[in-house]
Amino acid sequence: MSLYLENISFTYQSGTPFEKTALSGVSLSINDGDFVGITGGSGSGKSTLLQVLSGLLFPFAGKLCLDTEAINPGQKKSLNRLRRIVGLVFQFPEEQIFELQVYDEIAFGPRNLGFSRSEVDERVREAMNHMGLGFEKYSLRHCHSLSSGEKRRLAIAAILAMQPQILLLDEPAAGLDYEGWQALLQRLNYLNREKGISIVMVSHHYQQLLASCPRIILLDKGRLILDAASSSWLEYLDFLMQQGWELTASQELVYRLMQKGWEFASSPRSPEETAWAVVDFIRRSRK
Amino acid sequence: MISLRDLTYFYPGEELPALKNISLDIRENEFLVILGRNGSGKSTLARLLNGLLLPSQGKVEVDGWNTADANQLQLIRQKVGLLFSNPENQLISNQVEEDVAFGPENLGLNPAEIRRRVNDSLRLVSMESYKDSAPAFLSGGQKQKIAIAGVMAMKPRYLVLDEALSMIDPRGKREIMESIRSLHKNEGVAVIMITHDLEEAREADRVVVLEEGKVKTISTPEELFPGHASLLALGLAPLEISHIIAEINRQGILLRTDILDMDKLVEEICHFI
């Protein structure tokens, strides 16, 4: 299942003195099995883009399509179709947890869709498993007794119980500690690789996205200015620097060594890859 | 000075304390960073600093006033400004400017002074051009900036930031850190910052690490940050630069491990060629 945006623009409070254009002329496609990171400065349109993708914000100018089918979020049938495919995880999703027990929180969506008790149960078990929340250990726990990282994974499990094919996450790492984020990231990778769920996450934390998402989209003042593989950032390094984009420590190191005449065959995405590239260069230069 | 004496705190109905036997003096003019895993007690500690929560045992004194003394509470809260991570919970007006003015208005300041403080605070967070906007239509990072401006407009003696920069992009974060540093250096405001991001903690005078409600270590960034393995054991993400160094060392090329800045790292690596 692919999701296409064609020339999308969106204006908040349109027609009032306060109107503010949040997106202008954005085109992109989210394809089967994609793992995309969307980044940009505060107010660049990241969250707005996610909300348009999930059918939450409309009307907009431009076209939104699921495969070949045009989606009009103003029409209930069309919107329902989109909502079955796309799951949206808001910023701080755990603040929207309202059930007492973990099981009921996750079962809320499937129950509302009118599934049988056994189908609901199956979906809850599967969603908990996807988010690394063991059924025996967690299903009867009180939601408020969970740690922040667990609460966030619970909130995401509640969305996975709706079995989306595309999962959109807005700042999924905000407020999580290192271990909490690593645990969540590992589950997202699992969903993507093993279950074929497309992941689109928005973050202002470029370093995290570069290391975890194969594809990076960069927004600036509501415009899409880059859509590229994260494993080829050396090719667009000049562009990033022109934009005044903050480089990660890995990028900065590679750039500084290149200025000293080093050559890098590939673009290292993570601290580990950067270290390996440096070691490799040192070893080769000694031979 | 904010002085914590044998502070223990239990949330109602909980058997285990969220904080246990904490004794700590936060000096005037200090830049203190508090690190630790989620659930280690950092946010609870922040809420005890201005009497939002009261100690179950022990006491908290702000410039000699006990937070448990209801008569002093309003004065204490003027001195200790507290900011949380989710700005949604902290904005109350439907106009940015009004939101920032809310605190100073409640202090009963005259209109000219309120105006000055609102303008200054919005300038500190680079949000002057949004003064007429509705907070509801701002981005997460912009909302955080407005919340920060609102607290700065109160001119607190102690500024407590509980992951208050978590949603601001790197450039915005650097700008706000500069504003906070200048408040700290030029106006002597003490900064108490809770964060997961060691980048934000680089210039701290002291770093307190909490673990399971207790003070695990008190040190300086220079002492704490290079210890890659010990940081991981405390559940903390090392600086990216330390991560690179640790991995290079693991590959058998032994760089100095106490390096925290890029110039030095480049220099060190070039020794090996």
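Predicted model: local features only at pLDDT ≥ 70, side-chain atom pairs only at ≥ 80, totals over all residues.
Visitor: How many salt bridges does the structure hold over all chains?
Guide: Residues are numbered from 1 along each chain as its sequence is written, and chains are lettered from A and ligands numbered from 1 in the order in which they are written. A salt bridge requires a side-chain nitrogen of Lys or Arg within 4 Å of a carboxyl oxygen of Asp or Glu. Over all chains, the number of salt bridges is 34.

Visitor: Which two helices hold the salt bridge of Asp263(B) and Arg256(A)?
Guide: The side chains of Asp263(B) and Arg256(A) meet at 2.4 Å, N to O. Helices (H or I, at least four residues) are DSSP runs, as are strands (E, at least two), and both are numbered from the N terminus. The pair joins two chains, since Asp263(B) and Arg256(A) lie, respectively, in helix 11 of chain B and helix 10 (residues 249-259) of chain A.

Visitor: Is Asp263(B) buried, partly exposed or exposed?
Guide: Relative accessible area (1.4 Å probe, protein chains only) under 20% is buried and over 50% exposed, with partly exposed in between. Asp263(B) has a relative accessibility of 48%, so this residue counts as partly exposed.

Visitor: How many residues apart in chain B are Glu211(B) and Arg37(B)?
Guide: These two side chains form a salt bridge of 3.3 Å, N to O. The bridge links distant parts of the chain, with Glu211(B) in strand 9 (residues 206-211) and Arg37(B) in the loop between strand 3 (31-35) and helix 1 (42-49). Glu211(B) is partly exposed at 23% relative accessibility, and Arg37(B) is partly exposed with a relative accessible area of 23%.

Visitor: What is the relative accessible area of Glu247(B), the partner of Arg250(B)?
Guide: The closest N and O atoms of the Arg250(B) and Glu247(B) salt bridge are 3.0 Å apart, and the two residues are separated by about one helical turn because they are three residues apart in helix 10 of chain B. Arg250(B) is exposed, with a relative accessible area of 64%. Glu247(B), in contrast, is buried, with a relative accessible area of 8%.

Visitor: Which residues are joined into one network by salt bridges that share partners?
Guide: Arg37(B) also forms a salt bridge with Glu179(A), at 2.6 Å, N to O. The network made by shared partners consists of Glu179(A), Arg37(B), Glu211(B) and Lys216(B).

Visitor: Which three residues of chain B lose the most area to chain A?
Guide: Contact (heavy atoms within 4.5 Å) involves 43 residues of chain B and 45 residues of chain A. Buried area, the accessible area (1.4 Å probe) that two parts lose on being put together, summed over both, is about 4,100 Å² here, with carbon and sulfur atoms giving 60%. Together giving 16% of what the chain B side buries, the three residues are Asn38(B), Phe137(B) and Glu240(B).

Visitor: Which helices of chain B each supply at least two residues of the side that touches chain A?
Guide: Between chain B and chain A there are three salt bridges. The helices on the chain B side are helix 5 (140-152), helix 6 (170-187), helix 10 (240-250) and helix 11 (262-270).

Visitor: How far apart are the centres of domain 1 and domain 2 of chain A?
Guide: The bounds come from an automatic or database domain assignment, which gives domain 1 (3-246) and domain 2 (247-287) in chain A. Between these two domains about 1,300 Å² is buried, of which carbon and sulfur atoms give 66%. Taken over C-alpha atoms, the centres are separated by 32 Å.

Visitor: Which helix gives the most to the side of domain 1 of chain A that touches domain 2 of chain A?
Guide: The interface of these domains has zero salt bridges. On the domain 1 side, helix 8 (206-212) and helix 9 (237-242) of chain A each supply at least two residues. With five residues, the element that gives the most is helix 8 of chain A.

Definitions and conventions:
Heavy atoms only, no water.
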